[in-house]
Amino acid sequence: MNEAPAPGSLVFEPAKALPPTGPLVDEVLANDSREVPGSLLEQSAVFIGDKDLDVARYISQEFHDLEMEHVWKRVWQMACRVEDIPEAGDHVLYDIGTEQLIVVRTSDGSIKAYPNSCLHRGTTLRTCGGNVNRFKCPFHGFIWSLEGDLIAKPAAWDFPHVDKQNFHLPEVRVDCWGGFVFICLDKDTPPLMEYVGRLPEFFQEWPFENRHKAVHVAKKIPCNWKAAMEAFLEGYHIPTTHPQSVGYSGEAQGQYDVWEDQDHVNRVIVWVGAADTRSGKTDENALADSIIKDMPVLGKPGDIKVPEGETARRVMAQRFRDVVTKSSGVDVDKASDAEMLDAIQYFLFPNLVPWSGVGAPIVYRFRPFQNDPNMCIMEIMYLYVCSPDRPRRKGAPIRWLSDDETFADVAELGGLGAVFDQDYENLERVQKGLHMTHKPGVTLANYQEIRIRHYHAIIDRYIAEGRARA
Ligand code: FES
Ligand SMILES: [Fe+2]
């Protein structure tokens, strides 16, 4: 296996080439009916190398163990939403590798996280999430408060060496951003708000604090967690894997941004249903139909006649604003066409993939399953915009799909369920093929797969730094 490069060895250059055909994202956004947030007009097309990625990164136990030790134990990772645990005593269990944490709302409304392990002889304190007013071990009955204080030890006379001070449940760092609850297993990792870099700025128009998790689906997938996630970080696969996406005409639709000063964040923007601004030859009604095909909530093909002088994109964006405002009660009139229609997808290292804008309220999370480099957990959440003054409902619990269930079986995922199934079909095949390949490396596109190369480089940086610390 290749040695990880030394920290700081990542060299950024301008991108070698951009898509040769148009329209590009900035050309499409220039025709928006609203002012587009400045951050969407930014571009950062870079080149950071074109060497193959070692196949061992996806299939070897050795590399998986390095990730566990030097990445997962050091990063901030999203454990749940605040609305998953609104009341005192509400808790979820968050698994990462062989670690399991209890993430709990305490009596004063703060959130704490403890390893799910009794301090007597190690028994797990909880087998599932729920609501309790204390944590009682089922084995001999030691009890801790929600705040982690020891409040009972049966046969106390036999434990003169155990007291409140030395038997407080160990706490793992917890912090929140955007209504997401993050945990960190390392005391030296910078604070969350430093870790997330520019992410809050990118979400300031439609903050996650004003969203509600209405759908949460999880499935175990027989592939490495990175192989699964990478299927969602690029639009290059869309014409082949999702041929029904007729509105998607090719590589020019994706803008891939990686910033030299953002280790943990990158982005893709994929425009939807725009005219070919270069040739000027476009059938706007056909474009409207292509948008509807991907977004059936907007109507049926043939429903819409685009008025003379208007564009399909503007008309469909307005129709979508009306649909969202009607269903959520939130005025989304300020949302640009891009924020209604386009795929604007960010990445937070190592495994969170939140979409911005209003129209696609998606968040993905990918994790290894236990200690297995060939198995992972993929989760899809829908976080709908909601009025800040509306009473908060509890977040939707995780619905785990069995091996036989498909994403299309989940009505709440809407038309995208079948699209996720198409992605799923590739994943087992990727992992199998990586085990069988006689080629030592995975080859990436310079531009459209830059986000994949970028986060692999950051993984290497973490491993190199971790080894240097050891
Ligand atoms: S193992 Fe928990 S009380 Fe004994
Ligand atoms: Fe896909």
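Hi everyone. Let me start with one residue: His-242 is buried, at a relative accessible area of 4%; buried means under 20% relative accessible area, exposed over 50%, and partly exposed in between, using a 1.4 Å probe and protein chains only.

A word on what you are looking at. This is a predicted model, where local features need pLDDT of at least 70 and side-chain atom pairs count only at pLDDT 80 or more, while totals for chains, interfaces and linings use all residues. Residues are numbered from 1 along each chain as its sequence is written, chains are lettered from A and ligands numbered from 1 in the order in which they are written, and side-chain values use heavy atoms, with hydrogens and water left out.

Helices (H or I, at least four residues) and strands (E, at least two) are DSSP runs, numbered from the N terminus. Like His-242, Asp-423 is buried, with a relative accessible area of 4%.

Next, please find Arg-198, in the loop between helix 5 (192-195) and helix 6 (199-202). Is Arg-198 buried or exposed? At 17% relative accessibility, Arg-198 counts as buried. Its side chain makes polar contacts with the side chains of Glu-42, at 2.6 Å, and Glu-201, at 2.8 Å. A polar contact is a pair of N or O atoms within 3.5 Å; within protein, one must be able to donate a hydrogen and the other to accept it, and residues adjacent in sequence count only if both atoms are side-chain atoms. Setting aside neighbours within four places in sequence, Arg-198 is in contact (heavy atoms within 4.5 Å) with Glu-42, Trp-259 and Gln-262.

Finally, let's zoom out. The protein chain has 13 helices and 22 strands, and 54% of its 470 residues are buried. Its C-alpha atoms fill a box of roughly 85 × 55 × 40 Å, taken along the principal axes.
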